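Here is a quick tour for anyone meeting this structure for the first time. Have a look at the sequence and the model, then read on.

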Amino acid sequence: MNLIRLVAAAAMLALISGCATQQGGVGSEPAPVEERAATGVETNAGAQAGGASAAGGYTSADLDNPASLLSQRVIYFAFDSNDISPDAAAVLEAHSRYLAAHPEVRVSVEGHTDERGSQEYNLALGERRAEAVKRVLLLNGALANQIQSVSFGEEKPAMEGSNEAAWSQNRRAELVYQR
Amino acid sequence: MLKQSPTRLFALLLLAALTLTGRAAAQPITIEITGASEAAIPIAVVPFRVAGNSAPPSQDVAGIITNNLRRSGQFEPIATSDMLSRPSRLDEVQFPQWRALGVDNLVIGSIQPLAGGDYQLRFELLDVYKGSRLLEKTYRVSANSLRDLGHNISDLIYQAITGQPGAFNTKVLYVTEFKEAGKRKYQLIHADADGERPQALLTSNEPIMSPAWSANRQQVAYVSFEGGRAEVWTQPVYTAQRPVPRRKVAAFPGLNSAPAWAPDGRRLALTLSKDGNPDIYVLDLDTGRLTQVTRHWSIDTSPVWTPDGRSIIFMSERAGGAQIYRVPASGGEAQRLTFTGRYNADPAISPDGKQLAMVHRTERGDQIAVMDLETQQLRVLTQGPLDGGPSFAPNGSMLVYGRGGGGRLATVSLYGRADQPLALTHGAARSPAWSPR
């Protein structure tokens, strides 16, 4: 299921970025085809994406495009964990490319937890999550001065409720672009 | 609610109704009783006689006393409906009647309105088996001091019978979250130890966390997100100055959280992640000087001082899961204190330094447990599954905690295990902190 979604997303990405020709300054970053391949996406989708990369990259319009990876700005975590899943890594790579291509863009990474356990521990865990996301963004070419990380711990749940459905929505990091 | 007699329920509802007329800012909306006490002392608090034909005062003092004594877990007040008579003076008491009811002690009294709106209140504490008087006192108070007087008398009764000082005339701080016009709001609430008379010390559109009392009860420290992230503030609890002279004391890069006042009132222990990882520091509030207490790659947080001010007890996940440790306040090697269970957090230390309360995770979820630091014996006190943030009463006999994750607070007694919700304001309450005496 995830793989299918990823393939679809990558194909969409390829089409979209193929149309976007205005952006420069992406020469030094890895081509999307390599990124895609690393996450196990079929090569034909990857090839299309690769073709698109030369033409440029993401634009701010992609943030509002449901078909773009940039429209995914919430990263979810397992209980008591700050590990970035492969799916989330793919999304973050897209954000890194966008940030790297647009050094003027600023993003805030907000770390959150579910309500279980100590509030003060959760504040620290939220920071871990925000920092983990920040690290992936930096590794993929974003600059430190573009990213601010902040933790809200369990204080700002996305969904109310004391059940796994709510908890899984609340264990998250949100990318908030300042625009 | 199940085990309670209708009269007691009525008394509580009456208490709730009375307090609804009290304060405009933040009103109690719920009082319920679920706890059962074991081996509690049976006592009868007879409703105080109102002298003459005057209207009863706005505060039911005998009801306040009854509620306090029950909450302590050490007493089991009988229902007023079970009382065969309602004496107000020693010479009116038929002791055999009360012995037949199995009551050890009897509280009686009267209240008389005076010119100018004050009241004269007299009470007696009697030993039913000896047929003797243990206490008799008369007070003159203003109408808005009646509730304080109820707490004072509760303390006197508690001490006369148990030999230990009471903790009823104390306060709690907690944070409440509610929606106003569709937007989340947060308030730092100051209330009586039974939850009544709530007042907001701070109202914010952003979260507030971890309120902590200074040892002299004059200052509070807390975490506020009003600056967009966690920063530590202090403010006086009682001040007529407007705006309230608040002070932002820690706004380093990263987390600024979990403040805890040193017994000397001049320093705060707190958690900072300015060097990339949450560690415990001590901040001198006069000089701004910062001393690092722990230095570990794991999460260290939730510091509390031992009463002698020499050590700091904190939570760390350095052994994998969250466990509780002790470290010299000047820094040094940390000693692990908890070994039962894979998750122990939110440490609180009793005023005598002998008991460690914590959130203890079992298959039933997060429950409040207390460990005797000498014997290492751990006792689970609450039901879970989402209990949090225990804080000791200043006499060490009770804890206030966040119950069940539903935004409600409760007190639980260390002995007798009375487990009772606090009267709460609107919204979801968390992070309770019981005041020093």
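## Ground rules

This is a predicted model, where local features need pLDDT of at least 70, side-chain atom pairs count only at pLDDT 80 or more, and totals for chains, interfaces and linings use all residues. Residues are numbered from 1 along each chain as its sequence is written, while chains are lettered from A and ligands numbered from 1 in the order in which they are written.

## The cores

Let's start inside. A nonpolar core here is a set of buried Ala, Val, Leu, Ile, Met, Phe, Trp, Tyr and Cys residues joined through C-beta atoms within 7 Å. Buried means that 20 or more other C-beta atoms lie within 10 Å of a residue's own, with 12 or fewer for exposed and partly exposed in between; C-beta atoms are placed from the backbone.

The largest nonpolar core has 85 residues, and B:Tyr222, B:Leu270 and B:Ile312 touch the most other members. A second, separate core has 32 residues, including B:Ala44, B:Ile64, B:Val103 and B:Phe123.

## Helix α4 of chain B

Helices (H or I, at least four residues) and strands (E, at least two) are DSSP runs, numbered from the N terminus. Helix α4 of chain B covers residues 146–162, 17 residues in total. From first C-alpha to last it reaches 24 Å, close to the 24 Å expected at 1.5 Å a residue (that is, 1.5 Å times one less than the number of residues).

Among the buried residues of α4(B) are B:Leu149, B:Ile153 and B:Ile157. Their cover includes β1 (41–45), α2 (61–71) and β8 (183–192) of chain B.

## A four-strand sheet

In chain B, four strands make an open, antiparallel sheet in the order β18-β19-β20-β21. Strands count as paired if DSSP finds at least two bridges between them. At the edges sit β18 (300–305) and β21 (335–336) of chain B, each pairing on one side only. Strand β20 (321–328) of chain B joins β21(B) over two bridges, and B:Tyr325 has B:Arg336 as its bridge partner in β21(B).

## Where the chains meet

Definitions and conventions. Contact = placed C-beta atoms within 7 Å.
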